[in-house]
Amino acid sequence: MSGSLALPPGPRSFLSIREILALRRDVIGFLNHVKSYGDIACFRLGPQLCYYANHPDYFHDILLTHHQVLQKTWILRRAEDGFGKGILMSTGEAHKRQRKLLQPAFHKQRISRYMQTMIDVAERDSNSWEDGATVDMAREMQRTTISVAAQTLFGTDVADEAQEIGEALATAMDLFTQIKGPFAFFLSNIPIAPRNIRFERAKRRVHAIIHKLITQRRESGEERDDFLAMLLAAQHEDNHEGLSDEQIRDEAVSIFISGFETSTNTLSWAWYMLSKNPDVEEELHCELDTVLGGRLPTPEDLDKLTFTRKVIAEVLRHYPSVYVIPRRVTESCPLGEFTMPPGALVFVGIYTIQHDPRFYEEPQRFNPNRWTSEMSGKLPRFAFSAFGGGPHACLGEHFAWAETVLLLATLAQRWKARVPDGYEVKMNPLVNLRPLGGIPMKLTRR
Ligand code: HEM
């Protein structure tokens, strides 16, 4: 059978009030319930028809084969008014041009130039921690990743202004998430108007500072090595046109918001998992002590920190920051034996596939040692999809690996962190999979 207009199975055609409340309480529980109907399931959020895919082959179809008729959702299109027309918000031909223009800045070799900044920022934050203090680790990791994003984008010499942009963008992003996340309409209890006002205020602040930095840089004519320098020098291949100040600003905002929260979440969950799995923590310390022997990491150490990388890989599997990828169907589109009509939403179920026993043994167990080269070699393409795939696959993947591994190595070399006994951190899946209510952790110097 091919192209059936029948709907796939799913939790009834419309969600009852009870189910909507259940979704509000536990998004991941709801997605687990949906996928129990099959590798393609369907449900409705109010009038909105939604498909849910839970198989690597269907991820391939959605992200690659049919990408032209499956576009980024209204969530991101509406984000244009908030975050401009940078790569994260664009689709189709405009996106292709933007991606071509930005790609060289994310090349592996280029990332190596940012690694020292990552290590320096982690060392600064490590020096500010106090033995015996209790901190919110999610907040700490946010501070660190904001600094890394801000300084690699705008330069280390304007660290204060860069930090201010970072913090204002983090506020804007936070408010945006609550107003317009994938399930925000169903999840938010709080009146939207005051948030919109605060959001607009944060956005205006960001724009003003970025424009000031662009003007300063253009006037100084200095040769530099950060993302801003690359954006100022970039030219489209076809007409050799450079970017206007507004375009540079929007690309900088796009790069910033794509990168900082995903890395924050990954590192926060990593600390939580180390606290809950002392055997893993011990193996990590053993690697750090052997490879680094008490000195700070250098960019050259990245490839030697193989277990640290496995810890991050397992965190990305267990707590994928992007836990679903939503797409809007713009023209009728096949998915397995079904046909999705225009207007439907389709979700790529990253969280559920990465906990699927068909692909991962003991999927609920946090086990970095599962990531042998033999296992990775056997894993079907898209069974690990933390960085997405196809034309919109994460542009910052090399950056993200370098950042998470080097920050964790620099900090965990000197510090242990523990959640209180019996304390369980719940997931808070908004646009990204955050820890709910932060992660209170007691620091102990190693
Ligand atoms: C652990 C950290 C990260 C994770 C898990 C992650 C994950 C993802 C995913 C799943 C997508 C695809 C979204 C979609 O298809 O709709 C994406 C896109 C993107 N990411 Fe990342 N990301 C991370 C870090 C970063 C960093 C550090 C940067 C920049 C420095 C970055 C820049 C981008 C950009 C620009 C896009 C949009 C690409 C496009 O549409 O062409 N990401 N990311």
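Reply:
**A residue and its surroundings**

Ile255 is buried, its relative accessible area being 12%; buried means under 20%, exposed over 50% and partly exposed in between, with a 1.4 Å probe and protein chains only. The model is predicted, so local features need pLDDT of at least 70 and side-chain atom pairs count only at pLDDT 80 or more, while totals for chains, interfaces and linings use all residues. Residues are numbered from 1 along each chain as its sequence is written, and side-chain values use heavy atoms, with hydrogens and water left out.

Ile255 belongs to helix H13, residues 245–276; helices are DSSP runs of H or I with at least four residues, numbered from the N terminus. Leaving aside neighbours within four places in sequence, Ile255 is in contact with Phe106, Leu153 and Phe227, where contact means heavy atoms within 4.5 Å. Ser126 lies 129 residues from Ile255 in sequence and 26 Å away in space, C-alpha to C-alpha.

Turning to the cysteines, the structure holds zero disulfides, a disulfide being a pair of cysteine sulfur atoms within 2.5 Å. For Cys42, the nearest cysteine sulfur is that of Cys50, 8.3 Å away. Cys42 is buried at a relative accessible area of 7%. Cys333 is likewise in no disulfide, with the sulfur of Cys42 nearest at 15 Å, and Cys333 is buried at 1% relative accessibility.

Cys394 sits in the loop between helix H17 (373–378) and helix H18 (397–412).

Conventions:
Helices (H or I, at least four residues) and strands (E, at least two) are DSSP runs, numbered from the N terminus.
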